[in-house]
Amino acid sequence: MSRIGRAFSNAKAERRTALVCYLMAGVPSMPRSMEMVMACVRGGADVMEIGVPFSDPVADGPVIQEASVKALENGVTPRMVLDLVRELRSRTDVPIVLMGYYNPIFRFGEERYVKECISTGVDGLIVPDLPLHESGSLMKLCRESGLDLVQLSTPLTPDQRAAELANATSGFLYLVTRPGITGGDTGTTPDMERQVRRAHEANNGMPVAAGFGISTPEKVRALRGMGADGVIVGSALVALTLDGSSSADLEKTVATLAEACKGRTGEG
Amino acid sequence: MNTRFGEYGGQYVPEVLVPALMELESEYQRAKKDPAFLKELDGYNVNYGGRETPLYFARRLTERCGGAKIYLKREDLCHGGAHKFNNVMGQALLAKRMGKERLIAETGAGQHGTATAMAAAVLGMKAEIYMGEKDVARQRMNVFRMKLMGAKVHEVRSGSKLLKDAINEAFRDWAASVENTYYLLGTAAGPHPYPTMVRDFQSIIGREIRQQLIVAEGRTPDLLVACVGGGSNAIGTFHPFLDDRNVRMLGAEAAGEGLDTEHHSATLTVGEVGVLQGCKSYLLQDENGMIKEAHSVAPGLDYPGVGPEHSFLKDIKRAEYVGVTDKEALGSFVLLSQVEGIIPALESAHAVHAGMREAAKMSKDQIVVITISGRGDKDLETVFDMGVVQ
């Protein structure tokens with residue numbers, strides 16, 4: 001089982017919902033990125049998702065767009081993100097997933113990118129603009145080298161395709177809570193429960209983590225009640241790295257979310 | 001349906017849009033074989049759009065160049081003042097057929113936004129247009145036209161504040177609104193099926209050229225010339241002639257301030273292969289795969305990507321692509337106005353320059369057809385501000 005898989009099963013054994021925290025690499029600065037990631041880990045993150053900045057983040061809302069601009073202004077490159085992971089590995093065993101758009105990977109070279117990910121200690125990839133039917137060559141490379149390639153499924157995904165995604169993904173299945181882009185304050189789709197169920201029915205052992213617009217302990221609890229194995233919090237945390245908050249503030253916020261991950265669910 | 005042109009094209013989009021693109025593909029497949037749909041589109045093309053547009057023998061321009069006979073395909077006379085109408089009418093009718101009442105679109109020069117606003121008005125639909133802040137400033141007349149026809153215009157302030165960023169915002173809107181909204185993409189780029197569908201709707205340009213030139217000269221042209229931003233008027237001009245091996249094709253890209261500077265939009269001439277906004281194609285990008293800002297005096301050309309079929313035609317050497325600088329385009333803008341009394345769009349002026357350059361090298365019994373993709377009224381303020389005309 002991969003490091004990501006183990007993180008989910010450990011959380012499950014402790015009757016917790018796994019907490020996945022997203023931060024953009026190089027924000028507020030490259031040196032402080034490390035400090036911010038470690039704050040999330042101390043706060044109770046089970047998995048760290050690290051954003052690789054791209055000039056055209058089409059799946060992202062205003063907060064992560066702003067973070068991408070900031071990171072690129074700070075000169076962050078895919079190479080530097082990999083170096084950050086290498087450095088993180090000397091401090092923590094937390095599973096690390098790189099979330100980044102496809103063109104920088106294509107430009108780096110899929111094969112070289114996967115190899116570098118493995119050697120620096122990356123555990124998985126999320127490529128938001130590479131749907132299943134375009135991910136053949138990257139998926140093959142990831143499988144051969146033991147890197148997880150996480151697929152996304154949405155409320156609009158038809159049942160048959162949702163089942164294909166649940167079976168094709170590795171590490172976990174990323175369930176998008178609602179149509180749209182990352183961030184923003186939205187209610188939880190009532191359909192979420194059905195989405196979680198259909199993913200579990202298609203691939204029983206595969207953990208599902210819900211993301212997009214999850215910013216508060218209340219939402220974490222709601223998703224926990226709907227049977228999600230994990231929750232992904234991005235924009236709400238990235239915002240703290242943009243507004244001058246300290247790493248202690250970030251750690252506190254993450255701890256509050258982590259607390260909600262083990263609380264009582266609606267079902268008791 | 002084949003999603004690619006050689007290695008180019010594909011469907012690189014967030015998962016949330018995949019079902020909508022699949023639905024669009026199958027609906028388009030049905031529509032293009034449906035006589036009722038084709039008849040309705042043809043009716044709008046003829047009675048509302050003013051098609052067919054003339055193929056005009058430019059006698060004085062020909063004399064000026066002293067080489068091949070130059071014909072101009074007058075897409076500037078199409079309703080709305082540009083070829084954009086051809087694609088918009090087709091897609092808007094498709095949207096209607098799919099039961100989507102809200103249209104969203106991106107626009108650079110404002111021509112596509114204007115055409116979308118027009119189609120929404122005539123079909124009784126809602127239109128919202130995304131336009132970069134910089135383009136809003138330099139194409140004010142088109143912004144006014146869109147608003148007058150009832151469209152809502154969103155100024156885009158992210159990224160380079162140009163066409164590429166307007167497309168990003170339109171995709172972001174669509175990701176949230178896809179259940180009731182149709183994204184009316186304006187060029188032959190983006191994810192499958194757009195490059196194929198837009199090309200099909202624009203191919204009316206090339207089909208008309210073929211028929212009109214048979215009547216006028218009894219033969220096919222020796223050279224077709226069109227400007228290339230995303231490349232929709234060019235692919236519409238070229239595509240019906242792809243199997244005519246004796247017909248050469250030339251795309252004019254914006255070389256801006258020069259290909260040796262950072263300020264151009266010559267994606268095919270000097271770009272490198274990558275993936276942007278749904279498709280694999282040539283791109284302007286840096287060594288880390290970040291997309292570069294494009295530049296051109298013509299707002300409709302400053303796009304750092306290009307339609308995937310052009311990338312394929314370049315690789316197989318079926319079409320050639322050259323850069324035309326801002327200065328050269330401005331020269332042709334003035335020249336065509338003065339020699340033929342036709343004010344071309346700054347975008348089309350790039351094609352005029354490239355076409356004249358080639359015609360001068362060819363013999364008098366040869367024929368060049370240049371597509372005038374749009375009229376230049378929208379550019380008058382820009383050109384006068386530059387002091388080109390005293």
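Good morning. I begin with the second largest cavity of this predicted model, which is lined by 15 residues. Nearest the centre of that cavity lie A:Ala59, A:Phe212, B:Pro14, B:Glu15 and B:Val16. The space within the second largest cavity comes to about 120 Å³. Its lining comprises, by class, 12 nonpolar, 2 polar and 1 charged residues.

How many cavities of 30 Å³ or more does the structure hold? There are 12 of them.

Which elements of chain B each supply at least two residues of the lining of the largest cavity? They include the strand β5 (102-107) and the helix α5 (111-123).

The domain assignment gives domain 1 as 4-45 + 84-198, and domain 2 as 52-81 + 203-385. Why does the largest cavity lie between the two domains? It does so because domain 1 and domain 2 of chain B both give residues to its lining.

Let me now describe how these two domains of chain B meet. Taken over C-alpha atoms, the centres of domain 1 and domain 2 of chain B are separated by 22 Å. In terms of contacts, 40 residues of domain 1 of chain B touch 42 residues of domain 2 of chain B.

The size of an interface is often given as the accessible area lost when the parts come together. Between domain 1 and domain 2 of chain B, the buried area is about 3100 Å², and carbon and sulfur atoms give 57% of it. Three residues, B:Tyr8, B:Arg138 and B:Lys164, supply 21% of the area that domain 1 of chain B buries against domain 2 of chain B, more than any other three residues.

Finally, I come to the charged pairs. Between domain 1 and domain 2 of chain B, the count is 3 salt bridges. There is also a salt bridge to point out by name: the side chains of B:Arg140 and B:Glu381 meet at 2.9 Å, N to O.

To close, I return to the main point: the largest cavity lies between domain 1 and domain 2 of chain B. Thank you.

Methods: Residues are numbered from 1 along each chain as its sequence is written. Chains are lettered from A and ligands numbered from 1 in the order in which they are written. This is a predicted model: local features need pLDDT of at least 70, side-chain atom pairs count only at pLDDT 80 or more; totals for chains, interfaces and linings use all residues. Side-chain values use heavy atoms; hydrogens and water are left out. On a 1 Å grid over the protein atoms alone, a cavity is a set of points where a 1.4 Å probe fits but cannot get out, and a pocket is an open set with protein on both sides within 12 Å along at least five of seven lines; lining residues have an atom within 4 Å of a point. Grid points are joined across faces, edges and corners, and a volume is the space filled by probe spheres set on the points. Helices (H or I, at least four residues) and strands (E, at least two) are DSSP runs, numbered from the N terminus. Domain bounds come from an automatic or database domain assignment. Ala, Val, Leu, Ile, Met, Phe, Trp, Tyr, Cys and Pro count as nonpolar, Asp, Glu, Lys and Arg as charged, and the others, Gly among them, as polar. Contact means heavy atoms within 4.5 Å. Buried area is the accessible area (1.4 Å probe) that two parts lose on being put together, summed over both. A salt bridge is a side-chain nitrogen of Lys or Arg within 4 Å of a carboxyl oxygen of Asp or Glu.
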